[in-house]
Amino acid sequence: SAAEKDGYDYFMLKEIAEQPKAVADTLLGRIDPSGSLTLDELRITPADLRQIDKVVIVACGTAFHAGLIAKYAIEHWTRIPCEVELASEFRYRDPILGGRSLVIAISQSGETMDTLMALRHAREQGSKVLAICNTNGSTIPRESDAVLYTHAGPEVAVASTKAFLTQLVACYLVALYLCQVRGTKWGDEIQAVIKDLSRISDEVERVLETMEPVRALARTLAGKDTVLFLGRHVGYPVALEGALKLKELAYMHAEGFAAGELKHGPIALIEEDMPVVVVVPSPSNRSLLHDKIVSNIQEIRARGARTIVIAEEGDEAVVPYADHLIRIPVTPTLLQPVVATVPLQVFACELAAARGNEVDQPRNLAKSVTVE
Ligand code: AGP
């Protein structure tokens with residue numbers, strides 16, 4: 001009913017708007033004022049976490065994209081090798097696991113059959129499984145060794161939004177906690193990241209306040225057939241997530257690419273006036289990466305693409321090549337997906353509505369996929 005939607009037209013819009021709170025609730029009580037993490041709720045002992053020699057993340061759909069982003073953070077901060085795999089592929093290829101592997105299963109519903117089967121397979125191999133889950137007492141956390149709950153609250157819309165942002169936050173917390181218990185690299189960078197992470201819900205709020213032009217742009221693109229999404233580094237999984245949202249909601253052909261792969265094939269797809277959304281990494285860090293993506297934007301624009309550029313405030317280098325510019329706040333590189341994903345959610349939601357689609361209940365989809 002309208003009351004349940006708090007005055008929003010769709011649950012999805014309500015859930016997008018709830019993201020600052022969802023993020024704040026997921027952080028609540030887990031970072032103490034001195035900047036250290038309290039994750040005693042994890043039932044894996046620090047001694048066991050010190051033994052870990054490999055992290056394997058399994059998940060499906062949007063949760064898989066959270067896992068792809070987590071890999072960058074886990075490997076950079078903890079230096080523990082990390083693999084991310086679609087849960088539906090995992091157990092069918094005889095993965096190499098053992099007692100020192102930590103398997104992280106990410107799931108909003110906690111009932112996704114592919115993810116459940118993957119974690120059962122991992123436990124049979126003697127690995128410890130940590131669930132990152134939004135649903136209290138659901139099957140995936142019940143069958144895991146440990147659980148870190150996301151506190152997004154109930155997510156009703158089939159398309160995942162606030163659960164995704166809280167999955168990212170939970171992954172960052174796990175990565176930072178691994179650093180803490182293992183005594184790895186607890187330097188200035190980590191301290192700064194923790195500080196920025198504890199403020200990130202305000203940044204999400206700021207992004208939400210600037211979404212009107214994104215809505216207006218989406219409406220003008222309702223007649224398009226294809227939208228491409230490009231990103232690099234953590235912006236690459238963000239591009240995949242933007243494309244998934246558009247597929248499931250707008251029923252449009254949408255694809256996400258690593259921008260560096262363009263010249264290896266996908267650039268052939270570019271046609272006159274084809275919308276291409278580009279997620280631009282911060283110019284302050286990894287400046288080479290930033291320069292490279294600016295050249296990618298130039299290349300596609302020279303071939304006729306209509307460029308929709310998501311870039312940090314103050315990034316002036318992109319201005320000449322952006323047909324549409326969407327600003328996001330300055331964040332540390334690894335946290336950027338938390339803010340960069342929000343405009344893509346709004347974009348997909350508005351396009352779906354403009355095309356007359358059922359936003360909260362897209363055709364052919366179920367909120368939780370309980371069959372393999
Ligand atoms: C997200 O928008 C999708 N509806 C879907 O990809 C979802 O993320 C996937 O099915 C996994 O669900 P889960 O998080 O409940 O395990």
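Predicted model: local features only at pLDDT ≥ 70, side-chain atom pairs only at ≥ 80, totals over all residues.

**Positive phi and its surroundings**

A: Asn364 counts as exposed because its C-beta neighbours inside 10 Å number 6. This residue lies in the segment after H13. Although Asn364 is not a glycine, its phi is positive, about 65 degrees. Most residues other than glycine have a negative phi. The mean pLDDT of the protein is 95, and 98% of its residues reach 70 or more. For the complex, the predictor gives an ipTM of 0.98 and a pTM of 0.97.

His233 also has a positive phi without being a glycine, in this case about 55 degrees. His233 sits in the loop between strand E6 (226-231) and helix H11 (235-250). Is His233 buried or exposed? His233 counts as buried, because it has 24 C-beta neighbours inside 10 Å. A positive phi is thus found at a buried residue, His233, and at an exposed one, Asn364.

A glycine joins this list at H2: Gly29 follows the helix and has a positive phi, near 75 degrees. Within helix H2 (residues 19-27), the buried residues are Gln19, Pro20, Ala22, Val23, Thr26 and Leu27. These residues are on the same side of H2, because the arc they cover around the axis is only 165 degrees. The cover over the buried residues of H2 includes helix H1 (11-17), H8, helix H9 (188-208) and H13.

H13 (336-354) has a part in covering another helix as well: together with strand E9 (306-312) and strand E10 (324-328), it is among the elements over the buried residues of H10. In H10 (residues 212-220), Val214, Leu217 and Ala218 are buried. Their arc around the axis is only 100 degrees, which puts them on the same side of H10. On the face turned away from that buried side, H10 carries the exposed residues Glu212, Ala216, Arg219 and Thr220.

Loops can hold buried residues too, and Leu262 is a further case. Leu262 is placed in the loop between strand E7 (253-258) and strand E8 (275-279). Leu262 counts as buried because 20 C-beta neighbours lie inside 10 Å. Beyond its neighbours within four places in sequence, Leu262 is in contact with Leu230, Phe257, Ile267, Asn296 and Glu299. Of these, Glu299 is 37 residues from Leu262 in sequence, and the C-alpha to C-alpha distance is 9.5 Å.

In soluble globular proteins, nonpolar side chains tend to be buried together. The largest nonpolar core here has 129 residues, and Ala105, Ala175 and Cys349 touch the most other members. Helix H8 (residues 162-182) provides the largest share of this core, 15 residues. Ala105 has contacts, apart from neighbours within four places in sequence, with Val58, Ala59, Thr115, Ala118, Leu119, Val129, Ala131, Ile140 and Ser144.

How values were computed:
Residues numbered from 1 in each chain as written. Buried ≥ 20, exposed ≤ 12 C-beta atoms within 10 Å, placed from the backbone. Helix = DSSP H or I, 4+ residues; strand = E, 2+ residues; numbered from the N terminus. Arc of directions from axis to C-beta. Contact = placed C-beta atoms within 7 Å. Core = buried A, V, L, I, M, F, W, Y, C linked by C-beta atoms within 7 Å. pLDDT = per-residue confidence, 0-100.
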